Amino acid sequence: MPDLFSLHGKTAFVTGASGGLGAHFAEVLAQAGAEVIVGARREAALAAVAERIRAAGGNCTTTALDVTSSDSIAAVEPLLAKTDILVNNAGIAVDKPFLDATEADWDAVVDTNAKGMFLMTQALGRAVQARGSGGSIINIASIVGLRQSARIASYAASKAAAVQLTKVAALELARFGIRVNAICPGYIETDINAGFWETPAGQAMMKRIPQRRTGQASELDGPLLLLASDASSYMTGSVIVADGGHLVSSL
Ligand code: NAD
C-alpha cells in the first residue's frame with residue numbers, strides 16, 4: 001500500500017513555529033519527509049527548532065516573520081514561491097473580563113490570528129496561482145471559534161473568523177488546486193495556557209471535557225498529516241475538531 005501520508009518532495013511552511021504547537025508541527029512534517037520552513041519573530045528560538053529538526057535528519061530553513069505585517073510577509077515571498085503546505089499556526093490570546101479588555105488587546109489578537117491568517121493565505125494563494133501547481137493550507141483555529149468561553153472575546157472572535165476564512169478561501173482557491181482546511185484543537189498543553197490547569201477555573205474546565213483531560217500536541221499529528229498530505233485530496237473547506245469531546249459536552 002502506498003504511504004498516503006508521505007510528504008517527500010513537498011515543502012511545508014509553518015508560522016509561529018518558535019515554540020508550542022508550531023514547533024511540534026514543523027518537527028512532525030519534517031519526519032513525514034517534507035522540507036520545512038519555520039517562521040516567527042523570535043529567531044533564536046527558531047534556530048533551536050531548526051537544530052532539532054536537522055539533528056533528526058530533517059531539512060529546515062528559518063526565517064523572521066511577523067504575520068501582522070504585510071512588509072514582513074512580502075519578505076518571505078521567495079520562500080512561499082516553493083511552499084506546497086502552509087500551516088497558519090501563529091496565534092496569541094488575551095485573557096481578560098469583557099469589560100476590561102482594551103482596544104489594543106483586540107487589535108493585537110485579531111491582527112495576529114485573523115489578519116495574519118488572511119495575509120499569509122493570500123500570499124500563498126498568489127504564489128501557487130503564479131507557478132500553476134497545487135497546495136494545501138491548514139489553518140489552526142480553535143474550538144472557541146465554534147463555541148464560546150468567558151474572558152476571551154477577541155480570541156474567540158478571531159478564531160470564528162479563522163473558520164469562516166478557511167471556508168471562503170477553500171471556495172475561491174479550489175480552482176488553483178489549493179485546498180484550505182482548518183483544525184480546531186480543544187485544550188492542548190502549551191505555553192499559551194501554561195499554569196491554567198492548576199487553577200480552580202482550569203480544574204473546573206477539565207471536568208467538562210468528556211475525556212476528562214487536556215490534549216497533548218502529538219494528538220494533533222493525525223489531523224495535521226491528513227490535511228497536509230494527499231490522503232485528504234478530496235477535502236477542502238473542512239473543519240476538523242480534536243478536543244476530547246469538549247464541544248459535545250452536555251448542556
Ligand atoms: P504558543 O503561545 O506556544 O505559540 C504561538 C506561537 O505563535 C509562538 O511561537 C509565537 O511566537 C507565535 N506568534 C505570535 N504572534 C506572532 C506573529 N505576529 N508573527 C509570527 N509568529 C507569531 O501557543 P500554541 O498553544 O502553540 O498555539 C499555536 C496555535 O494553536 C495558535 O494559533 C493557538 O490559538 C492555537 N490553539 C492552541 C490551543 C491550545 O490549547 N494550545 C488550542 C486551540 C488553538
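**A walk from the ligand outwards**

So, let's start at the ligand: one of its oxygen atoms is 3.4 Å from a polar backbone atom of Gly 186. Leu 21 does something along those lines too, with a polar backbone atom 2.7 Å from a ligand oxygen. For Ser 18, look at the side chain instead, where an N or O atom is 2.8 Å from an oxygen of the ligand. How much of the ligand does the protein bury? The ligand on its own exposes 830 Å², and the protein buries 94% of that. Those areas come from the Shrake-Rupley method with a 1.4 Å probe, and for residues only the protein chains shown count as cover.

Before I go on, a quick word on what you're looking at: it's a predicted model, so local features need pLDDT of at least 70, side-chain atom pairs count only at pLDDT 80 or more, and totals for chains, interfaces and linings use all residues. Residues are numbered from 1 along each chain as its sequence is written, and side-chain values use heavy atoms, with hydrogens and water left out.

Which elements give two or more residues to the shell around the ligand? Those are α1, residues 20–31, and α6, residues 153–173. Helices (H or I, at least four residues) and strands (E, at least two) are DSSP runs, numbered from the N terminus.

There are 29 residues around the ligand, and Leu 21, Asn 89, Tyr 155, Ile 188 and Thr 190 come nearest. Here "around" means having a heavy atom within 4 Å.

Okay, now strand β1, which covers residues 11–15. Ala 12 sits in that strand, and with a relative accessible area of 0% Ala 12 is buried. The cut-offs are: buried under 20%, exposed over 50%, partly exposed in between, with a 1.4 Å probe and protein chains only. Go 11 residues along the chain to Ala 26, and the C-alpha atoms of Thr 15 and Ala 26 are 9.3 Å apart.

Next, strand β5, and Asn 139 in it. Is Asn 139 buried or exposed? Buried, with a relative accessible area of 0%. Its side chain makes a polar contact with the side chain of Asn 88, at 2.8 Å. A polar contact is a pair of N or O atoms within 3.5 Å; within protein, one must be able to donate a hydrogen and the other to accept it, and sequence neighbours count only if both atoms are side-chain atoms.

Helix α5, residues 103–131, holds Thr 121. Thr 121 counts as buried because its relative accessibility is 4%. Ala 201 is 80 residues from Thr 121 in sequence and 35 Å away in space, C-alpha to C-alpha.

Arg 151 is in the loop between β5 (135–140) and α6. Its phi is near 75°, which is positive, and Arg 151 isn't a glycine. Arg 151 is partly exposed, at 42% relative accessible area. Arg 212 is in the loop between α7 (200–208) and α8 (221–228). Its phi is positive too, about 60°, although Arg 212 is not a glycine. At 53%, Arg 212 is exposed. And Arg 208 is in helix α7, partly exposed with a relative accessible area of 46%. From Arg 208 to Ala 90 you count 118 residues in sequence and 27 Å in space, C-alpha to C-alpha.

That's my tour, thanks!
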